[in-house]
Amino acid sequence: MSSLLKLSQVEAYIQQFHILHDINFEVPKGEVTVLLGRNGAGKTTTLRTIMGLNPVSKGSVVFKNEDISNLKPHLIANKGIGYVPEDQGIFGDLTVGENLRVAMKREDQETTERLDWILDLFPDLKKFWKKPGGQLSGGQKQMLAIARAYVNENDLLLIDEPSKGLAPIVVEKVMETILQMKEKTTILLVEQNFLMASKIGDRFYIIDDGQTVHNGLMGELKQDKALMKKYLGVS
Amino acid sequence: MDLIASLTVNGLATGMLIFLLAAGLTLIFGLMSVLNFAHGGLFIWGAYAGVWIYYVTNSFLLAIIVAIVTGLVLGLITERLIIRPVYGNHIQQILITLGFMLVLQELIKVAFGPDQKAVHPPAWLEGSFQMGDVILIKYRLFIIAIGFLLFLTIYLILKKTRIGLIVRAGVMDREMVQTLGINIRFVFMAVFMVGAALAALSGVLHAPYSGVIYAEMGLEFSILAFIVVVIGGMGSFTGSLFAAILVGLAQAFMAYYVPALSLAVNMLIMTVVLIFRPQGLFKVKG
């Protein structure tokens with residue numbers, strides 16, 4: 001198993017609060033790895049720490065065999081990591097097209113092809129191309145956030161709770177898209193919606209109280225009802 | 001009618017000078033969340049450096065260029081040495097930039113002496129036009145033209161270029177911009193320098209307009225700029241133009257009709273805006 005991203009004994013604080021105590025996991029290339037856990041377990045902080053938005057106080061984050069712990073966020077992004085935050089991070093005053101243009105590091109043929117591909121998956125973005133991002137629906141904002149992360153040739157996408165607050169029909173659409181993106185890139189997904197996570201994910205890590213406490217293949221988790229009930233509240 | 005036109009031109013010219021100062025301030029506040037009370041210091045340094053060159057060379061164009069370069073250099077120094085250590089802490093920002101403002105003000109007295117300096121417009125901008133019964137002073141029209149030209153240029157950069165989009169996106173969500181692979185610190189520095197250059201330009205243009213420059217005028221003028229930023233909406237470039245014109249016109253008309261209220265009117269407008277639209281006339285959406 002060739003690992004694209006590896007976190008070893010990572011600890012992190014938000015201000016004086018010790019949020020991550022001992023995070024250890026690997027993200028194999030070409031797969032979807034899902035971080036599961038209850039609210040407040042430290043999943044979002046883990047993604048933010050990988051992106052350099054929270055400092056790593058101990059341990060290491062290694063991406064493509066290079067230690068990226070505590071690099072500045074823009075340097076981490078330029079190493080090939082795309083990020084879809086929990087709040088989507090849409091620039092409300094910029095139009096859909098402008099939101100995508102800000103993200104595009106190059107305007108070459110390859111980027112245009114990637115843009116066309118993602119716009120075919122999300123035709124709403126084409127339809128509302130000139131609409132300010134702040135006026136989109138929750139689902140459209142999520143689509144835009146995913147498209148913005150995908151438009152550059154990233155090796156890894158970090159996607160934080162893409163189903164959060166969305167109508168079931170929109171969740172289906174987002175799920176289908178991530179399944180298609182899976183063919184093209186490696187994904188680290190944080191997801192509370194266990195049904196969605198289990199359909200998309202290849203392997204999982206459970207985070208509890210800032211520590212990775214379990215991991216395995218997604219198929220195994222579905223069989224382990226006790227584990228699911230203990231850490232995820234799913235029965 | 002001729003009186004109204006004259007007051008309008010006066011108000012627009014004052015508004016444009018305030019706009020040049022406020023535009024930098026609003027971008028710096030919007031993008032960097034920095035309360036820069038030293039902005040008035042950059043204004044007076046632009047005025048003095050430009051006027052000094054103007055005295056020496058008799059070239060107003062060169063004076064403008066020197067003022068802009070002075071603003072860029074002082075902007076770089078201010079951002080790196082004064083602002084950078086206090087990012088994210090508004091109390092420290094107020095204290096250190098206000099302190100630096102006083103340092104810049106006193107350095108003016110050391111470098112150029114404490115006395116006021118008289119400044120006249122260049123020969124090619126002296127005098128006036130007559131259109132019907134209305135007398136239009138050339139230098140004021142020049143300021144209005146420069147102000148609109150700069151507004152249009154910066155507006156088009158912000159609207160049409162990727163760097164402009166990055167600045168606007170940075171005003172809305174700095175963190176997100178960084179995660180798109182953009183070095184926001186570098187953008188901060190560039191915007192700060194441009195903002196400082198606009199303040200310095202405003203200073204040198206203000207000199208022949210008021211006919212006299214003195215070290216304390218930076219603080220006086222920057223208070224107007226802060227009022228404009230609050231009225232226009234913190235971080236809104238277009239808002240700062242509208243608010244600056246509003247303040248300029250209100251001041252010009254009040255100075256003529258109710259002189260006792262000419263200074264209070266700006267505070268009154270700001271108070272009304274804060275009560276009914278605390279986010280300012282033009283809100284920047286995150």
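Analyst: One term to begin with: contact means heavy atoms within 4.5 Å. This is a predicted model, where local features need pLDDT of at least 70, side-chain atom pairs count only at pLDDT 80 or more, and totals for chains, interfaces and linings use all residues. Residues are numbered from 1 along each chain as its sequence is written, chains are lettered from A in the order in which they are written, and side-chain values use heavy atoms, with hydrogens and water left out.
User: Ok, how many residues does the contact take from chain B and chain A?
Analyst: It takes 23 from chain B and 23 from chain A. About 2000 Å² is buried between the two chains, and carbon and sulfur atoms give 60% of that. Buried area is the accessible area (1.4 Å probe) that two parts lose on being put together, summed over both.
User: How many salt bridges are there between chain B and chain A?
Analyst: Two. A salt bridge is a side-chain nitrogen of Lys or Arg within 4 Å of a carboxyl oxygen of Asp or Glu. One of them joins B:Arg168 and A:Glu98, at 3.8 Å from N to O.
User: Which helix gives the most to chain B's side?
Analyst: That's α6(B), with six residues. Helices here are DSSP runs (H or I, at least four residues), strands are runs of E (at least two), and both are numbered from the N terminus.
User: Switching topic: what domains does chain A have?
Analyst: Domain 1 covers 1-80 + 156-235, and domain 2 covers 88-153. Those bounds come from an automatic or database domain assignment. Their centres, taken over C-alpha atoms, are 23 Å apart.
User: And how many residues are in contact there?
Analyst: 13 residues of domain 1 of chain A are in contact with 12 of domain 2 of chain A. The area buried between these domains is about 1200 Å², with 73% from carbon and sulfur atoms.
User: Where do A:Lys64 and A:Asn70 sit?
Analyst: A:Lys64 is in the loop between β4 (56-63) and β5 (66-67) of chain A, while A:Asn70 is in the loop between β5 and α2 of chain A.
User: Is A:Lys64 buried, partly exposed or exposed?
Analyst: Partly exposed, because its relative accessibility is 40%. Buried means under 20% relative accessible area, exposed over 50%, and partly exposed in between (1.4 Å probe, protein chains only). A:Asn70 is partly exposed too, at 47%.
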